[in-house]
Amino acid sequence: MSELATKAEKLDASDELAAKRAEFVLDDVVYLDGNSLGALPVAVPGRVEDVVRRQWGELRIRSWTEGGWWTAPERIGDRIAPLVGAAAGQIVVGDSTSVNVFKALVGAVRLARAGDVARDEIVVDATTFPTDGYIAESAARMTGCTLRPVAPSEVPGALGDRTAAVLLNHVDYRTGRLHDLPSLTAAVHEAGAVVVWDLCHSAGALPVGLDEHGVDLAVGCTYKYLNGGPGSPAFLYVRADLQDRFDSPLPGWNSHVEPFGMRSGYEPAAGAVRGRVGTPDILSMLALEAALEAWDGVTVEAVRAKSLALTDFFLECVGTYVPEGRVECVTPRAHGERGSQIALRCADAGDVMKRLIERGVVGDFRHPDVLRFGFTPLYVGFADVERAARVLAEVLAEVLA
């Protein structure tokens, strides 16, 4: 056994989260793609069966009240809230990430213009996930704003009297770089603008501190580190003191103050409910609720500590097993600048990832030359990390021979 394999055994033996692995459906594959789709929690299949067979099959329409279907978006939002540093009553679950980004960004422009109608510019993360950029461009056209793509590090210098809203990613999806949410939020506020944070690659992976840092609006998906399942509903955070002024561009009957009044005029409900639109996707929503039980007894701080330990160990293993020059780490090594993934640049990355997957190490590939490895601390162990780096070295030796 190699020194690193022995070290991995010792690290796994002292891992306070090791027991959580048993709460997921796993096999002998090293699964390092939880930053795209989280593993299945063991509690989900039975819960979904109950929702389908009993709640839908037997109770039918009664489940909206007796089964708690109607209140699920806010109830599950409150379950997610501690994982992103928010008090209860500020998060609603429902719709996709894309839809929620649209609601948040247009709502942010409207909030800013309520104080200054001359604000006519939206600043967007120039390195953002493509959909966020598409939505920002559409939101700008719809609101009569100019769209200004800016690298996150350059945002403070790009803000001014015209800035209405700023859309930023907490963690870069390609590189895993963690951006400085506290200082960037403060800079946006100093300029009198409203900030929207995309938390898709940080929710459930590291402390966010939405309330602590005064974030205005935030959006996140639940199928990555929160393990809610493919296409599970996203969440929308609206800070408590902004809720009575949040003007959603998608008013629906579910966010009406009297949803069953069926009135022709729209009057928004109070609180986070304003973020709702139409009928919730109950099957996915309640699967997510069951998945979140895996977080019982777990703190985000413990998850973050293990995440950094896992990624540090992966870099150590890659540095030992992979000959110098064959890969380049594009993820920052500084803890304060790293999310919960490692991105490596290499030649023939697509072929390399294909071969890794064939050998039981699952990550993913981003065009043109980036290998992404996501580390979900609830179920990834240190032996997984050592094996992944060792197999990577073997594959690289073959591909680049």
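Reader: Among contacts between residues at least 6 apart in sequence, what percentage join residues at least 24 apart? And where is the place of Arg276, and which residues is Arg276 in contact with?

Author: This is a predicted model, in which local features need pLDDT of at least 70 and side-chain atom pairs count only at pLDDT 80 or more, while totals for chains, interfaces and linings use all residues. Residues are numbered from 1 along each chain as its sequence is written, and side-chain values use heavy atoms, with hydrogens and water left out.

To your opening question, the figure is 72% for the protein chain; a contact means heavy atoms within 4.5 Å. The chain has 11 helices and 13 strands. These are DSSP runs numbered from the N terminus, with helices (H or I) of at least four residues and strands (E) of at least two. Of its 401 residues, 54% count as buried, where buried means under 20% relative accessible area, exposed over 50%, and partly exposed in between, using a 1.4 Å probe and protein chains only. The C-alpha trace spans about 70 × 60 × 35 Å along its principal axes.

Now the part you asked about. Arg276 sits in the loop between strand 8 (235-238) and helix 8 (282-291). Its relative accessibility is 5%, so Arg276 counts as buried. Apart from neighbours within four places in sequence, Arg276 touches Trp70, Pro73, Glu74, Val92, Leu250, Asn254 and Ser255. With one of these, Glu74, Arg276 also makes a side-chain polar contact of 3.0 Å. A polar contact is a pair of N or O atoms within 3.5 Å; within protein, one must be able to donate a hydrogen and the other to accept it, and residues adjacent in sequence count only if both atoms are side-chain atoms.

The loop between strand 8 and helix 8 also holds Met262. Met262 has a relative accessible area of 59% and is therefore exposed. The phi angle of Met262 is near 55 degrees, a positive value in a residue other than glycine. Most residues other than glycine have a negative phi, and most peptide bonds are trans.

At 47% relative accessible area, Asp348 is partly exposed. In the loop between strand 12 (364-366) and strand 13 (370-374) lies Pro368, joined to His367 by a cis peptide bond with omega of about 5 degrees.
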